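Here are my notes on this model, point by point. Please keep the coordinates open as you read.

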Amino acid sequence: MVSFESDYNNGCHPLVMQHLTETNHESSLSYGFDLWSERARLKIREACECPDADVFFLVGGTQTNATVIDATLRSYEGVVSVESGHINVHESGAIEATGHKVLTLPDHQGKMDARELEAYLQGFHTDEAAGHMVRPGMVYITQPTELGTIYSAQELVEIHHVCQQYHIPLYVDGARLGYALASNTNDVSLPFLAKHCDAFYIGGTKVGALCGEAVVFPHRNADPHFFTIVKQHGALLAKSRLAGVQFDALFTDSLYLRISRNAILWAERVKEIFRLKGYPLLLDSPTNQIFVILSDTEAARLRKKVRFEKWCPKDEKRSVYRFVTSWATTETDIQTLESIVNEKQEE
């Protein structure tokens, strides 16, 4: 059985595991004050060209989103996201569980439109009943989006400008950030991202780590008690070196970006395999998530030998299915998939 179910279905990159093994018997300080976490912070600041950035290491994406958003918002504020945003659809109400509403806008192939954001914020601030409503206190986007699309530099500038105009922070969920940075169509670098948002995180769980996300406040703008807020959310590891060691490895010799390119290389091949066999794509995602429209009968046939995820219904007989490549995808995986797809029989 070959798996294209997700980009976190393998352990970690061999160099990450090697670093974990080599440092395993060394004693260290706890709660993120260890040598490797400090080294990782320095490397991330250098990569982002933000020498004063606050950097914190958490374990997973949902935990990170819930902690950062709750730390940023006041009790009467909500977070603006597109309808397909991860915090709105696939986080089991984690944001609402912290007491904050997710305020939704339409998405356009997964992306937020700056003009619609501006119209929404303007409408709120000119509404005479605003005092009775949840106040938009921050904006949340993902890079790449839930549909694998990416924001261009210009789109990011426009959204950031609206946020500045209304004095609310822009937060970027980077669970798959490596795959956005490695995309052939990307024009947003880490330094550019850092200059055009107020907080973001660099995903490790889906990009070569066993677990771990690096939260970056690029302007030394973290809440002065963010450490305490992290602990309040049950997100503070005593052995925080686990994340620090991994990010120390990922940000050595550009490993994070190099292994991300592997996913993009094979994603393009997966798209080609399906196109050649006449399977339509929902959209031409430039990253590592491929959304294929299949008859449910054909999907059932493929699922006997391939793991992948049903995304949503398309019509009465067809659905959208997601195939995902990763840093760990191999040429053998691709060849196996191609062989299985080529077994398709005429319906």
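1. Cys 312 is partly exposed, with a relative accessible area of 27%. Buried means under 20% relative accessible area, exposed over 50%, and partly exposed in between (1.4 Å probe, protein chains only). Cys 163, in contrast, counts as buried at 1% relative accessibility.

2. How many disulfides does a search of the whole structure find? The count is 0, where a disulfide is a pair of cysteine sulfur atoms within 2.5 Å. For Cys 163, the closest cysteine sulfur belongs to Cys 197 and is 9.8 Å away, too far for a bond.

3. A note on the basis. This is a predicted model: local features need pLDDT of at least 70, side-chain atom pairs count only at pLDDT 80 or more, and totals for chains, interfaces and linings use all residues. Residues are numbered from 1 along each chain as its sequence is written, and side-chain values use heavy atoms, leaving out hydrogens and water.

4. Gln 143 sits in the loop between strand 5 (135-142) and helix 7 (153-165). Helices (H or I, at least four residues) and strands (E, at least two) are DSSP runs, numbered from the N terminus. Gln 143 counts as buried, at 4% relative accessibility. A polar atom of its side chain lies 2.8 Å from the backbone nitrogen of Tyr 151.

5. Three strands form an open sheet in the order 9-12-11, with antiparallel pairing; two strands pair if DSSP finds at least two bridges between them. Strand 9 (289-295) and strand 11 (309-313) stand at the edges with a single partner strand each, so one side of each lacks a neighbour in the sheet. Strand 9 pairs with strand 12 (residues 318-324) over 7 bridges.

Terms used. Polar contact = N/O pair within 3.5 Å; in protein donor to acceptor, adjacent residues only side chain to side chain.
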